[in-house]
Amino acid sequence: MSSDNPQQIVQKQKVVVVGNGMVGHHFVEQLTQLKTNNQAIEITVLSAEPRLAYDRVHLSEYFSGKTAEDLALTDEKTYQYWGVNFLTSAKVVDIDRIKKNVVTTNGQVIDYDKLILATGSYPFVPPIPGKDREHCLVYRTLNDLDDIQASANVSKVGVVIGGGLLGLEAANALTHLGLKTHVVEFAPQLMGVQIDVGGGRLLKEKIEALGVEVHTSKATRVIEDGEQSRYKLCFSDNTVLETDLILFSAGIRPYDNLARSFDLVLGERGGIVINNQCQTSDESIYAIGECALWNNFIFGLVAPGYTMAKVAAKHIIGEQASFTGADMSTKLKLMGVEVGSIGDAHAKTPDALTYIYNNQPAGIYKKMVVSSDQRKMLGAVLIGDTSEYDSLLQYMLNGIDLPESPETLILPSSGKKPTLDINALPNTAVICSCHNVTKGDIISAIDQGACSLNDIKTCTKASSGCGGCADLLHNLTEVTLQSHKIEAKEVICEHFAYSRHEIFDLINAEKIKTFDELLTSHGEGDGCEICKPVANSILTLILNNYSIKAPDVSLQDSHNSPLDNK
């Protein structure tokens, strides 16, 4: 083409994202960051909700003072700055796979070259007669929270049906609203997927100590009018429970109706079937997050959805990337109770062995599942104290050999407790699962000039999701900075100008009994996921030293363990 001819117009590749939850937004974020200036891509986001993406993981904080704006992950200005088109209250009702366009409820027609289904999931409501009455609600969106708030204003008692992870989060929300709260679970224990019977027993005790009544092995037969309260739940064992508000949190189902209506391949029990590049049976359509079925498995955590989002974004711009599954280990706080679940928590691996530390007076339960030769970590359950979670997880994920006496990893510190050698971690070790940040990414950031923990967080986003990796990230940063001969003050975090050893001496010398007392006298701010567990671990050790009968630590064959009697 000669220089005096009009410049050729570059046709933009049109990428349409259906769904603007956490995973859908992460895809948009990844695609805008990964694409180069010479890649012409037009991104359009269609949100069925009246607002853009927000943090569903911390929804319960809405009832303890956070606003919708506080929970927001993005806003109109950010998308405009990124050059992203967006529509809210734009539920997609039609897909034309031949013409390659989608139609919203408002009749808008949007063309696509690549279509991303990030439609997430919806709450499962058991088919209980009476479930459709007023004040029978679900816990999923900000609109749901507004409905719960309105119902709580005219209620005194609330029941959550479902004792899994989401059910306990919902119970936390009801307690924040001042309701007398009950949890009803069909299974014989709480969180039966993530933790074992022993852990479930202690979790129930700790939840009940906070004022929530837990009812396990209960099947709700019908919901009827109550006598003292608005309703009563009639159980199959002929007992009843009266309540004013019923909150269903009995699991989730993939929101795959679009795929079902327009002939994409689904799993036998639902979920949009995807390959390792997150493509559906139509190579122009991708599915990511809780609506996607990979290898006959649906991942109900945010981190795997984020990984899918990055894989799909890379594939669209022509880079090699594959989704090959994800670890479902998790660490969280439920109503202030620390809970950790790693790998084979139920010791189902043939010939697996278990170490169990059970300190009932202190409210701590720890179980470690190891291979028959006691050399490899297979799984763990941590209730009441998750300070070892990061180390145990890395032992499992990276196949690192356990120390000669593996039980010392979960026993209270006696001055000789083995610690995970950061140098033993391969560069591929994932430090932050939320944003898939590896050890190699941390080292690379330091090589490129990052010289503090805050620098690392800023340039990699590590520890900006759930925050569960904060302690491990801190340790890795310290070790790497030292190896690079970069001076860094050895303090536990920005809230305390002291090392761990100095914190121990302060608590011991001044007879400090609570974290708040320590923060008031020697710290600043509100504390964080680094200093809180460190201080609480030290407080527990000092306050309980020599005053509690030593708990049992036993090595048991998993097939004979009393914890397997479900």
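Biologist: Which residues line the largest cavity?

Modeller: A cavity is a set of points on a 1 Å grid over the protein atoms alone where a 1.4 Å probe fits but cannot get out, and lining residues have an atom within 4 Å of a point. Here the lining of the largest cavity consists of Pro123, Tyr139, Arg140, Leu166, Phe248, Ser249, Gly251 and Ile252. Please note that this is a predicted model, in which local features need pLDDT of at least 70 and side-chain atom pairs count only at pLDDT 80 or more, while totals for chains, interfaces and linings use all residues. Residues are numbered from 1 along each chain as its sequence is written, and side-chain values use heavy atoms, with hydrogens and water left out.

Biologist: Which residues lie nearest the centre of the second largest pocket?

Modeller: A pocket, by contrast, is an open set of points with protein on both sides within 12 Å along at least five of seven lines. The second largest pocket has 19 lining residues, and nearest its centre lie Lys310, His435, Val437, Cys459 and Thr460. Two or more lining residues come from each of α1 (22-34), α8 (302-316), α10 (439-447) and α11 (453-460); helices (H or I, at least four residues) and strands (E, at least two) are DSSP runs, numbered from the N terminus. With five residues, α1 gives the most to this lining.

Biologist: How many aromatic pairs does the structure hold?

Modeller: A pair of aromatic rings is described by the distance of the centres and the angle of the planes. This structure holds nine such pairs (rings of Phe, Tyr and Trp, the last by its six-membered ring, with centres within 6.5 Å; planes under 30 degrees apart are stacked, over 60 edge-to-face and the rest tilted). One of them joins tyrosine 79 to tryptophan 82 in a tilted arrangement, 5.9 Å centre to centre and with 40° between the planes.

Biologist: Where do tyrosine 79 and tryptophan 82 stand in helix α3?

Modeller: Both belong to α3 (residues 76-82), and because they are three residues apart, about one helical turn separates them. Tyrosine 79 is buried at 0% relative accessibility, whereas tryptophan 82 is partly exposed, with a relative accessible area of 27% (buried is under 20%, exposed over 50%, partly exposed in between; 1.4 Å probe, protein chains only). Tyrosine 79 also pairs with phenylalanine 86: this pair is tilted too, at 6.0 Å centre to centre and 55° between the planes.

Biologist: Which residues form one aromatic cluster?

Modeller: Trp294, Phe297, Phe299 and Phe323 form one.

Biologist: Turning to the backbone, what phi does histidine 135 have?

Modeller: Histidine 135 has a positive phi of about 70°, although it is not a glycine. Its place is the loop between β8 (121-123) and β9 (136-138).

Biologist: Is histidine 135 buried or exposed?

Modeller: Histidine 135 counts as buried, because its relative accessibility is 13%.

Biologist: Where is methionine 335 found?

Modeller: Methionine 335 lies in the loop between β21 (330-334) and β22 (337-343). This residue, likewise not a glycine, has a positive phi of about 55°. Methionine 335 is buried, with a relative accessibility of 13%.

Biologist: How do strands β4 and β5 run, and how many bridges join them?

Modeller: Two strands pair if DSSP finds at least two bridges between them. Strand β4 (residues 92-96) and strand β5 (residues 101-104) run antiparallel and are joined by four bridges. Valine 92 stands opposite threonine 104 in β5. The hairpin of β4 and β5 has four residues between the strands, and in this hairpin lysine 100 takes a positive phi near 60°.
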